[in-house]
Amino acid sequence: MKAIKADHLQSKWIKTKLLLQSGSVKRYIPDTRKFTRRNLEQMIYSYGMIYVKPERGTYGNGVIRAERGERQGFIYQYEETVRRFDTFEAFYKSLAKKTGRKRYLIQKGIHLLKHNSRRFDIRVMVQVSPKGAWEATGIIGRLGHPRKIVTNYHSGGKPTAIETLLHTHLSAPRLAQLTEELNTLGVRIAAHMQKTYPKIQQIGVDVGLDRSLTPWIIEVNMRPDPYIFNQLKDKAMYKKVMRYRRFQLKK
């Protein structure tokens with residue numbers, strides 16, 4: 001059996017290419033390319049809004065949100081700082097300076113749903129059960145900090161029940177249907193990745209919902225934080241996640 005190469009599991013580019021090989025998963029993946037001048041120009045004009053993110057990194061560190069301005073200029077936000085540019089050349093040069101020699105990716109921007117004017121996404125926790133099968137054990141919303149572009153807990157995001165975040169966007173039956181779809185997607189991703197990395201035991205799938213409630217895979221985290229589920233008032237998911245985790249650690 002092929003051992004896990006930790007270096008590969010940290011690469012968003014390698015994980016994206018792997019997921020694109022799955023017929024049932026690839027339609028959920030937004031257009032993702034390596035950061036180059038040509039790709040930046042093509043994507044900012046095609047999509048209007050994009051994310052520039054380090055190929056390797058955690059907790060949303062280094063993520064930049066960029067878009068075309070209303071008057072044909074360009075804007076990007078990094079953490080709480082917003083910069084504006086009149087020309088594409090100035091925009092590109094500033095981004096290239098910020099990314100430096102590190103490898104970055106460009107991803108089609110998803111206009112995330114909002115709750116109380118704050119963006120949110122969803123984390124699906126998928127783990128190997130004591131019976132040896134992949135199972136979606138937890139699903140939680142991550143409500144972004146009002147002045148930041150990422151939703152990560154370590155960047156000021158707030159773990160929140162998805163019922164709270166979605167009750168104004170869809171009905172209870174539709175929420176149940178969406179939850180089932182996301183859980184199924186999470187299991188498919190885990191099973192597909194396990195073919196290449198047979199030793200993985202758990203993953204966290206970060207999913208963004210756009211205004212039409214279409215789910216998009218933002219990232220697959222190979223070392224998901226189980227403790228965010230302890231932030232929920234109902235501890236049932238947290239207890240299950242931790243029970244499965246303890247079982248995995250004993251193996």
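On a 1 Å grid over the protein atoms alone, a cavity is a set of points where a 1.4 Å probe fits but cannot get out, and its lining residues have an atom within 4 Å of a point. The structure described here is a predicted model, in which local features need pLDDT of at least 70 and side-chain atom pairs count only at pLDDT 80 or more, whereas totals for chains, interfaces and linings use all residues. Residues are numbered from 1 along each chain as its sequence is written, and side-chain values use heavy atoms, with hydrogens and water left out.

**The cavity**

The structure holds one cavity of 30 Å³ or more, and the largest cavity has a volume of about 150 Å³, a volume being the space filled by probe spheres set on grid points that are joined across faces, edges and corners. Its lining comprises 13 residues, of which Lys12, Thr16, Gln107, Ile218 and Glu219 lie nearest the centre. Helix H2 (12–19), strand E6 (104–108) and strand E12 (215–221) are the elements that give two or more residues to this lining; helices (H or I, at least four residues) and strands (E, at least two) are DSSP runs, numbered from the N terminus. By residue class, the lining divides into six nonpolar, three polar and four charged residues, where Ala, Val, Leu, Ile, Met, Phe, Trp, Tyr, Cys and Pro count as nonpolar, Asp, Glu, Lys and Arg as charged, and the others, Gly among them, as polar.

**Aromatic pairs**

The structure holds ten aromatic pairs, counted where ring centres of Phe, Tyr and Trp (its six-membered ring) lie within 6.5 Å, with planes under 30 degrees apart taken as stacked, over 60 as edge-to-face and the rest as tilted. Two of the pairs are set out below.

| Pair | Centre to centre | Between the planes | Class |
|---|---|---|---|
| Phe35 and Tyr92 | 6.3 Å | 20° | stacked |
| Phe74 and Phe88 | 5.8 Å | 70° | edge-to-face |

Phe74 lies in strand E4 (residues 74–78) and Phe88 in helix H4, so this pair ties together parts that are 14 residues apart in sequence. Both Phe74 and Phe88 are buried, that is, under 20% relative accessible area with a 1.4 Å probe and protein chains only, exposed being over 50% and partly exposed in between. Phe35 and Tyr92 are likewise both buried. One aromatic cluster is formed by Phe35, Tyr45, Phe74, Tyr76, Phe85, Phe88, Phe91 and Tyr92.

**Positive phi**

Ser117, in the loop between strand E7 (114–115) and strand E8 (118–128), has a positive phi of about 65° although it is not a glycine, and Ser117 is exposed, with a relative accessible area of 64%. Leu213 also has a positive phi of about 65°, but Leu213 is buried, with a relative accessible area of 15%.

Definitions and conventions
On a 1 Å grid over the protein atoms alone, a cavity is a set of points where a 1.4 Å probe fits but cannot get out, and a pocket is an open set with protein on both sides within 12 Å along at least five of seven lines; lining residues have an atom within 4 Å of a point.
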